[in-house]
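Here's a quick briefing on one protein model, covering its layout, its surface and its charged side chains. Take a look at the structure first, then read on.

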Amino acid sequence: MGGTEAFPDLGRHCQHPDCHQLDFLPFTCHGCDKMFCLEHRSYKDHGCPGSDRMSRKVIVCETCSTSIETTGKDVEEERLMMEDHWKSGSCNPARKKKPKCPVKRCRETLTFSNTITCKICKVNVCLSHRAPADHECLQKQKTWTISPAPSCTAGASKEKFMEALSQRDGKDFSKGVQASGDQRLHKAISVH
C-alpha cells in the first residue's frame with residue numbers, strides 16, 4: 001500500500017479518495033485513523049467524520065452547576081454520565097448559590113480573585129471589606145485596645161536617649177536637660 005519498488009515500507013499513500021499521492025512523511029488523523037498527505041491532513045481538508053472525537057467537551061449539570069468533562073464520548077454516553085452524576089449523591093442543589101460577602105448590605109459575590117480571609121476572625125470577605133474595621137470582626141473587639149504605647153510619646157523617647165547617653169559616658173545628664181534643651185530649641189527657631 002506504500003513505498004516504492006526498492007523500498008516498499010517507505011511512506012504511505014494518501015487515503016483521500018481523490019488524491020492517493022505517495023507521501024514519505026504521512027500524517028495520521030486522530031479522528032478517523034487514516035493516513036493523509038500534507039495537503040489533506042487537516043480535519044476540514046479530508047472531511048473527517050470524527051473531527052470532534054478528541055476535542056475537550058464539558059457538560060454542566062443544571063441542578064448543581066457542576067461541570068463534567070466528556071471528552072471522546074458520544075451523546076448517549078454523555079446522558080448516562082449525567083444520570084450517574086444525579087444518582088451518585090454528589091449532585092447538591094445548594095452548590096448552585098455563590099457565596100456572598102457577609103457584611104450587611106454588601107452584595108459582592110465572593111470569587112477566587114476578590115476574596116480575602118480575615119487573619120483575626122477567619123471569615124471570608126470581599127476586598128472592599130478586608131480591613132478588620134470594615135467588617136464586624138468579633139475577636140478584634142476583644143483583643144485590640146486603642147492606647148498609645150508608652151515608648152511612643154516624646155518625653156519617653158527623650159528620657160531613653162538621656163539614659164543611654166549617661167550609661168555611655170558614665171555621667172547623669174537626665175536632670176536639668178529639659179530646660180537647656182528647650183533653650184537650644186528656642187535659639188534655633190529664632191535664628192532661622
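Going from the N terminus, the elements run β-β-β-β-α-β-β-α-β-β-α-α-α. That gives the protein five helices and eight strands, where helices (H or I, at least four residues) and strands (E, at least two) are DSSP runs, numbered from the N terminus. Keep in mind that this is a predicted model: local features need pLDDT of at least 70, side-chain atom pairs count only at pLDDT 80 or more, and totals for chains, interfaces and linings use all residues. Residues are numbered from 1 along each chain as its sequence is written, and side-chain values use heavy atoms, with hydrogens and water left out.

**Burial, contacts and surface**

- Of the 192 residues in the protein, 21% are buried (buried is under 20% relative accessible area, exposed over 50%, partly exposed in between, with a 1.4 Å probe and protein chains only).
- Take the contacts (heavy atoms within 4.5 Å) with a separation of 6 or more: residues 24 or more positions apart account for 14% of them.
- The protein exposes about 15300 Å², and carbon and sulfur atoms supply 55% of that; the areas come from the Shrake-Rupley method with a 1.4 Å probe, and for residues only the protein chains shown count as cover.

**Rings**

- Searching the whole structure for aromatic pairs turns up zero (rings of Phe, Tyr and Trp, the last by its six-membered ring, pair if their centres lie within 6.5 Å; planes under 30 degrees apart count as stacked, over 60 as edge-to-face and the rest as tilted).
- Phe27 does have a charge over its face: Arg41 lies there, 5.0 Å from the ring centre (the rule wants NZ of Lys or CZ of Arg within 6 Å of the ring centre and within 35 degrees of the ring normal).

- Arg79 and Glu76 form one of them, at 2.3 Å from N to O; they sit three residues apart in helix α2 (residues 75-88), so about one helical turn separates them.
- Glu83 also bridges to Arg79, with the closest N and O atoms 2.5 Å apart, and these two are four residues apart in helix α2, about one turn.
- Shared partners join Glu76, Arg79 and Glu83 into one network of salt bridges.
- Arg79 is partly exposed at 40% relative accessibility, Glu76 is partly exposed at 41%, and Glu83 is partly exposed with a relative accessible area of 25%.

How values were computed: Salt bridge = Lys/Arg side-chain N within 4 Å of Asp/Glu carboxyl O.
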